Amino acid sequence: MKLTAFILLLSFSALTLFGQKNLLDQYNVVWDSPSLNSSESMPCGGGDIGLNIWVENGDILCYLSRSGAFDENNVFPKLGRVRIKLSPNPFDGSENFRQELKLRQGFVDISAKKNGQTATVRFWVDVFRPVVHIETSGNKPMNVTAEYESWRTADRLWNDKGEVRASLAFRDAPMKALIGKDSIAFEANNVVWFHRNKEKTLFDITVKQQDLESVKDKMWNPLKNLTYGGIMFGNGMKPAGNGEGKYATFAYKSWILKSEKPTNKQEITVLMHIDNSASLSDWQKGLLALVKAEKESRKTAFKQTQQWWADFWDRSYIAINTEKPDSASKAWQVGRNYQLFRYQLGCNAYGKYPTKFNGGLFTFDPVYVSKSIPFSPDHRDWGGGTFTAQNQRLVYWPMLKSGDVDMMPSQLDFYLKMLPNAELRTQHYWGHKGASFTEQLENFGLPLATSYGWNRPEIAPKGVEHNYWLEYLWDTSLEFCMMAIEMHNYKQVEISKYIPLIKSCLVFFDEHYKYEALSRGRQALDGNGKLILFPGSGAETYKMAYNSSSTIAALQTVTKALLDLPESYLTKAEREYFLSLQKRIPPLPFREMKGKKTIAPAEVFGRINNIEITQLYPVFPWRIYGVGKPDLDVAINTWKYGVDNENQRHYISWHQDAIFCACMGLTDEAQKITIQKLENSDRRFPTFWGPGHDWVPDHNWGGSGMIGLQEMLMQTDNSNIYLMPSWPKNWDVAFKLHATGNTTVEGELKDGKLISLKVTPEARRMDVIVNPDFGK
């Protein structure tokens, strides 16, 4: 499809989709019956807290999760489970059950009626403080009990080999992981619990395994002294003893608070505190400070949180076929599920750590993912403190066009904190500069012990992972460097703090591949004065690659983007260096497939190990090819003819097929694959996709679906803004998206015609290029 510059001059009626038209409410998830188990839970959260809420056998249950909780084994545990019981109990055999996630307000309401008794239980999370509020109300007085439940009440060794998938470092390890118990007790009328990491953690094990003990004292260790836990209390509630039971496959013990007398209204508060405190007493002081802050903010917290969610929804939206809501319609599901998944991302807007690709804050008992995984509620495949960059990136790219750049520092600061460790390992192993970030990282910036290799041979080069998929895979960090630059390009965010990260990641490739060349021969560069990017990798797929196209595209794009920033970001000497680096980056490789010129995954590669289509990474994320750009036919030919194995095409999990097609203007393919991505999941909650290649709910599944839908609707190239480059004419849509240059574009398409358009600032209207199919 060829786009021509067709500038619409439309009057814009005052359209505030989720305000005036109030269309967001049709996307609320409403259940009219209780759930069977935790797999049928509903997400709720805010700030950096996630809850899984469900009603089962008359009890109201809730898992607690907060970003930044990691035990000494680098497992990402739940912070417990809360069980609410009412007496009389209208939820036991209720006549009128209703559980609703109210997106605009960000909270969950559950109500029921039985024999004239009505009750409502509301869960909401303070966006600005780590506080969960549970509020019960009824037309008649009720007794209320709140039980804090824990399955971590005794030390336990991992004996099942499958359990190590919750902390992959222990796979093939010469030792077993010991899961330490939590400390839980009544204190006055409160339940207080905590876990303080043991002196020896996975950080220490990993440093020793990777021969880094000589620089250990210089390294950042986020597991040291890490203490997490919380407090639960309720007005007019007192301890009522302990209980025990079994949920799913795991036994638990409970600490019970009970209302002193029947009441029409009961408030229960749960605070969660995480800190690298020098001592336990310091952590306890921090918890008390949070309790004090919660009491002082009680009158304003709900209003502030409501305003945050209102601003969040007004900032951006894509709503499809809302004039005729039909929950069975795939198109309507795509629009609704885009909003639902964005809500899940918003629940960890300000986490100390990024939203995890493999479940985020909303994992549930693994036995309900598969009967073959009968482990604790803390389990998630692919680890808790393990971050896989190929997957993580897809969670954060959509935040640019949705205008959620305030949520991106959780991911970018993660790399910034790990930067000293990545530079130390480079200097230690190879004696040169630059940050060597591997694709799979522990949260302290070193490769997983299992990937580095517990049984690595002596001949294996130091510093390189001894792993089929991960060897020589360094370039994924460059996507996060580009995200930082794009924050500036989109919203003029001041990014000085990220410049050292960007520079160091680029310098690594320059220094390291000169080092690699000189370790094998007499010349650092090839005969054309270019870097020899060998041994390299095309993601996890094209291994032992020589000049991988995904690496070349990354280096070309990030280097140019860094140089295009305002001059103040680089010194004169730095600018001259990166200009010289730009000249050393090799050109993209090409090959002929079925008589067509296509992008090659590399000039040469040794084997195909996975199923990524890295030869299309120059389309996304690197945007060298796309709508309105030169040689688009080469990229399209690569999609049609340049894939080596048919199983590289897919839609689940991290597969980018929908994004590729949208960026190339292939409307029919983009629409088909986006439906597969964003239609309802097989689980009760529509966006609990997975496990796919990863876990449930699969967040890189949702993130890649969001990106694809955004690209179908709007793409940017320098100052140009392309509207509807790959949008199907049979999908009505109202939208508000963000473009480069601090620009917002909002409008409405109906019956194949763009009936309204507003561009802010108005001067940017002349940069908008509308697909002429939608303007006639």
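This is a predicted model: local features need pLDDT of at least 70, side-chain atom pairs count only at pLDDT 80 or more; totals for chains, interfaces and linings use all residues.
Local features were taken at pLDDT of at least 70 and side-chain atom pairs only at pLDDT 80 or more, whereas totals for chains, interfaces and linings use all residues. Residues are numbered from 1 along each chain as its sequence is written, and side-chain values rest on heavy atoms, with hydrogens and water left out.

Helices (H or I, at least four residues) and strands (E, at least two) are DSSP runs numbered from the N terminus. Two strands are taken to pair if DSSP finds at least two bridges between them. An open sheet of 4 strands, in the order S18-S29-S30-S31, shows antiparallel pairing. Its edge strands, each pairing on one side only, are S18 (317–320) and S31 (753–760). From one strand to the next, the twist averages 15 degrees; axes are lines fitted to C-alpha atoms (for helices over the stretch in contact), and angles run from 0 to 180 degrees between N-to-C directions. Within this sheet, S18 and S29 (residues 733–739) are antiparallel and pair over 4 bridges. Ile318 has Phe735 in S29 as its bridge partner.

An open sheet of 3 strands has the order S27-S28-S32 and mixed pairing. Here S27 and S32 (768–770) are the edge strands, each of which pairs on one side only. Neighbouring strands of this sheet are turned against each other by 25 degrees on average, direction ignored. Strand S28 (residues 720–723) and S32 run parallel and are joined by 3 bridges. Leu723 has Val770 in S32 as its bridge partner.

Strands S15 (residues 237–247) and S16 (residues 250–259) run antiparallel and are joined by 9 bridges. The two strands form a hairpin with 2 residues between them, and Ala248 in the turn has a positive phi of about 55 degrees. The bridge partner of Glu244 in S16 is Lys253.

Side chains of opposite charge can pair when their charged atoms come close. The structure holds 39 salt bridges, a salt bridge being a side-chain nitrogen of Lys or Arg within 4 Å of a carboxyl oxygen of Asp or Glu. Relative accessible area is used below to class residues as buried (under 20%), exposed (over 50%) or partly exposed (in between), with a 1.4 Å probe and protein chains only.

One of the salt bridges joins the side chains of Asp204 and Lys216, at 2.7 Å from N to O. This pair links distant parts of the chain, 12 residues apart: Asp204 is in helix H1 (residues 202–209), and Lys216 is in the loop between H1 and strand S14 (226–234). Asp204 is buried at 16% relative accessibility, while Lys216 is partly exposed at 25%.

Glu260 forms a salt bridge with Lys238, with 3.3 Å between the closest N and O atoms. Glu260 is in the loop between S16 and strand S17 (263–276) and Lys238 is in strand S15, 22 residues apart. Glu260 is exposed, at a relative accessible area of 52%, and Lys238 is partly exposed at 40%.

A salt bridge of 2.9 Å, N to O, is formed by the side chains of Arg623 and Glu711. Arg623 lies in the loop between strand S26 (607–608) and helix H12 (632–641), and Glu711 lies in helix H15 (residues 699–713), so the pair ties together parts 88 residues apart in sequence. Arg623 is partly exposed, with a relative accessible area of 22%, whereas Glu711 is buried at 1%.

The largest pocket has a volume of about 730 Å³. On a 1 Å grid over the protein atoms alone, a pocket is an open set of points where a 1.4 Å probe fits, with protein on both sides within 12 Å along at least five of seven lines, and lining residues have an atom within 4 Å of a point. Grid points are joined across faces, edges and corners, and the volume is the space filled by probe spheres set on the points. The lining comprises 25 residues, with Met482, Asn489, Lys560, Asp564 and Asn718 nearest the centre of the pocket. At least two lining residues come from each of helix H8 (477–491), helix H10 (549–564) and strand S27 (714–717). By class, the lining holds 10 nonpolar, 9 polar and 6 charged residues; Ala, Val, Leu, Ile, Met, Phe, Trp, Tyr, Cys and Pro count as nonpolar, Asp, Glu, Lys and Arg as charged, and the others, Gly among them, as polar.

Helix H10 also contains Leu555, which is buried at 2% relative accessibility. Leu555 and Trp622 are 67 residues apart in sequence, with 9.4 Å between their C-alpha atoms.
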